[in-house]
Amino acid sequence: MLGFSTALVTLILDQVTKIYTLFVFDLPVKEPVEFAPFVNLIVVWNRGISYGLFQQNSEIGRWGLIILSILAAIGLSVWIRRTTAKLLAVSLGLIVGGAIGNVIDRLAYGAVFDFIQIHFGSWSWYVFNVADAAIVAGVVGLLYDSFVLEGRRAK
């Protein structure tokens, strides 16, 4: 249940922040907004995957990413059901929740709505959203579990 609860909370946080930022705060009209000295809120429609890689400008590419994300979420959900390791379940839940959040964007808007920009002076890192941050945190947790905790569990 821990992994699926994490996925649900991640999905809700992702969609609430996106809907609020797009339709209530109306970021497309107000951008850029300085949120902190090194964080801006801007609008970026990502038609690719993380870091804007593999941009898809066709419907075939869009649906390919949707199907791939859904299949990954299903596979990771099976893994969640089978694991008893708490960090692994939470990490997988973060990835599943983030993947589903971005699938919803692709279905609703044709692209993923990214709006958090980290920058230092004129240097800018990529623009992301809650789903992207959850996926990255989930992958970090997954790697830690695989390389550190799995060995301890085996002993």
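This is a predicted model: local features need pLDDT of at least 70, side-chain atom pairs count only at pLDDT 80 or more; totals for chains, interfaces and linings use all residues.

Reply: The chain has five helices and four strands, and from the N terminus they come in the order α-α-β-β-α-α-β-β-α. Its radius of gyration is 17 Å, close to the 15 Å that the globule rule gives for 155 residues, so the chain is as compact as a globular protein of that length. Of those 155 residues, 44% count as buried.

Now to the charges. Searching the whole structure turns up three salt bridges. Let's start with lysine 18, which pairs with aspartate 14, their closest N and O atoms being 2.8 Å apart. Both residues lie in helix 1 (residues 2-24), four residues apart, or about one turn of the helix. Lysine 18 is buried, at 1% relative accessibility, and aspartate 14 is buried too, at 0%.

Lysine 18 also forms a salt bridge with aspartate 105, with 2.9 Å between the closest N and O atoms. Aspartate 105 lies in helix 4 (residues 86-109) and lysine 18 in helix 1, so this pair ties together parts that are 87 residues apart in sequence. Both of these residues are buried.

The other pair is arginine 62 with glutamate 59, at 2.7 Å from N to O. They sit three residues apart in helix 3 (residues 59-82), about one turn of the helix. Arginine 62 counts as buried at 13% relative accessibility, whereas glutamate 59, at 48%, is partly exposed. As for shared partners, salt bridges join Asp14, Lys18 and Asp105 into one network.

How values were computed. Residues are numbered from 1 along each chain as its sequence is written. Side-chain values use heavy atoms; hydrogens and water are left out. Helices (H or I, at least four residues) and strands (E, at least two) are DSSP runs, numbered from the N terminus. The radius of gyration is taken over C-alpha atoms; the globule rule is 2.2 Å times the number of residues to the power 0.38. Buried means under 20% relative accessible area, exposed over 50%, partly exposed in between (1.4 Å probe, protein chains only). A salt bridge is a side-chain nitrogen of Lys or Arg within 4 Å of a carboxyl oxygen of Asp or Glu.
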